[in-house]
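Let's take a walk through this one, beginning with a pocket and ending with the chain as a whole. Keep the model open as you read.

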Amino acid sequence: MQPEFAPADIAAAPGPGHGRMPRPAAADSARAHTAQLAVSTAPLLAPSQVAATAGAIEACQQPDGLILWFDGGHADPWNHVECAMALASAGRRDAAERAYAWLQANQHPAGSWHNYYTAHGVEDPKVDTNCCAYIAVGVWHHWLVTGDRGFAASMWPTVRRALDFVVGLRTASGHIPWAVHADGTPWPYALLTGSSSIVHSLRCGLALAELMGVSRPAWARTLARTELQIRHRPDGFEPKDRWAMDWYYPVLCGALDGARARSHLAAGAPKFLLGDYGVRCVADQSWVTGAETCECALAYLRTGDVATARRLVEATSAMRNADGSYYTGWVVPQRRTFPDAERSSYTAAAVLLATDAIDRRTAAATALIASPQR
């Protein structure tokens with residue numbers, strides 16, 4: 001997720017929320033098993049801590065199901081879905097399903113959602129394509145957590161419309177524009193992070209299609225084309241390489257795998273890993289964010305590096321509050337909260353999902369580090 005705010009000398013850039021990641025190759029799985037033998041297996045969060053953090057997320061949920069970033073703030077579809085996933089992983093199924101009901105009730109007939117909402121309605125009417133696609137990840141995750149085929153079937157038309165909308169925007173070059181203006185005009189460029197998140201959404205959408213017994217060949221073609229662009233033509237995306245997400249998302253989504261993924265993470269680590277504090281949001285600022293730190297942990301976990309994944313998630317414990325909420329980020333080494341004292345639902349959600357991937361609390365834990373089988 002790209003936080004809306006940044007320290008004064010950082011220009012906020014458009015970007016997606018958090019994506020999830022594909023199946024490790026056999027060699028990566030073997031390395032993961034070996035690494036786990038030497039790494040602590042103690043749970044990162046106790047059950048009471050999981051419950052408290054889920055409660056902090058649910059406290060941001062409105063009566064209609066919308067999950068705000070924080071009380072009085074706004075919401076976006078990507079982080080809304082991530083919070084629903086986290087709630088499901090913590091056993092808050094009713095709250096999670098209220099969140100999905102909100103998405104059903106507020107989907108545009110074309111298949112999209114607006115960029116930002118408040119408790120009172122639409123705040124920013126443009127459309128972020130990666131945010132629209134992410135519902136496929138959430139519904140697939142919910143199916144794995146609950147085994148409720150009826151829920152998946154009830155959400156399938158919403159997922160189908162969303163992915164058809166996103167795939168329908170693909171340009172002659174094969175790129176999917178990162179956003180669409182309120183008047184329906186697509187933005188002129190694609191983003192590496194957003195496209196990486198769309199790759200994972202398409203994988204989950206195709207898995208749901210198989211579960212529903214239908215075929216979506218246009219999705220499969222778009223998935224293959226976008227993966228190739230990420231893997232071989234990253235220069236075709238709008239440059240945002242100051243941002244950590246452009247570093248780890250190609251690994252997170254599985255477009256980079258195996259030795260290439262490990263090499264890619266190693267090359268960027270000096271630029272973005274900030275000692276025991278976590279992951280810099282942007283390369284040239286000492287601003288560490290909990291959400292990016294947890295997402296990056298999942299990228300490392302996907303390559304089999306359990307030790308680094310655990311260290312990164314453990315770093316977020318410094319951002320934890322007594323009520324289970326998490327500060328969005330720190331300016332370090334002062335550990336001054338930034339944005340000032342902000343506690344965000346999406347940061348809490350990222351922690352719950354990352355700890356589930358490592359602690360294996362739910363049946364969906366491996367879905368955070370493995371792509372759906374098709």
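By class, 11 nonpolar, 2 polar and 8 charged residues make up the lining of the largest pocket. Here Ala, Val, Leu, Ile, Met, Phe, Trp, Tyr, Cys and Pro count as nonpolar, Asp, Glu, Lys and Arg as charged, and the others, Gly among them, as polar. A pocket is an open set of points on a 1 Å grid over the protein atoms alone where a 1.4 Å probe fits, with protein on both sides within 12 Å along at least five of seven lines, and lining residues have an atom within 4 Å of a point.

This is a predicted model, where local features need pLDDT of at least 70 and side-chain atom pairs count only at pLDDT 80 or more, while totals for chains, interfaces and linings use all residues. Residues are numbered from 1 along each chain as its sequence is written, and side-chain values use heavy atoms, with hydrogens and water left out.

Back at the pocket, 21 residues line it, and Leu192, Pro234, Asp241, Asp246 and His264 lie nearest its centre. Helices H9 (217-232), H10 (244-252) and H11 (258-272) are the elements giving two or more residues to this lining, with H11 supplying the largest share, 6 residues. Helices here are DSSP runs of H or I with at least four residues, strands are E runs of at least two, and both are numbered from the N terminus.

Zooming out, the chain has 14 helices and 9 strands. Of its 374 residues, 60% are buried, meaning under 20% relative accessible area with a 1.4 Å probe, protein chains only.

Note on methods. Buried < 20%, exposed > 50% of the residue type's maximum accessible area, 1.4 Å probe, protein only.
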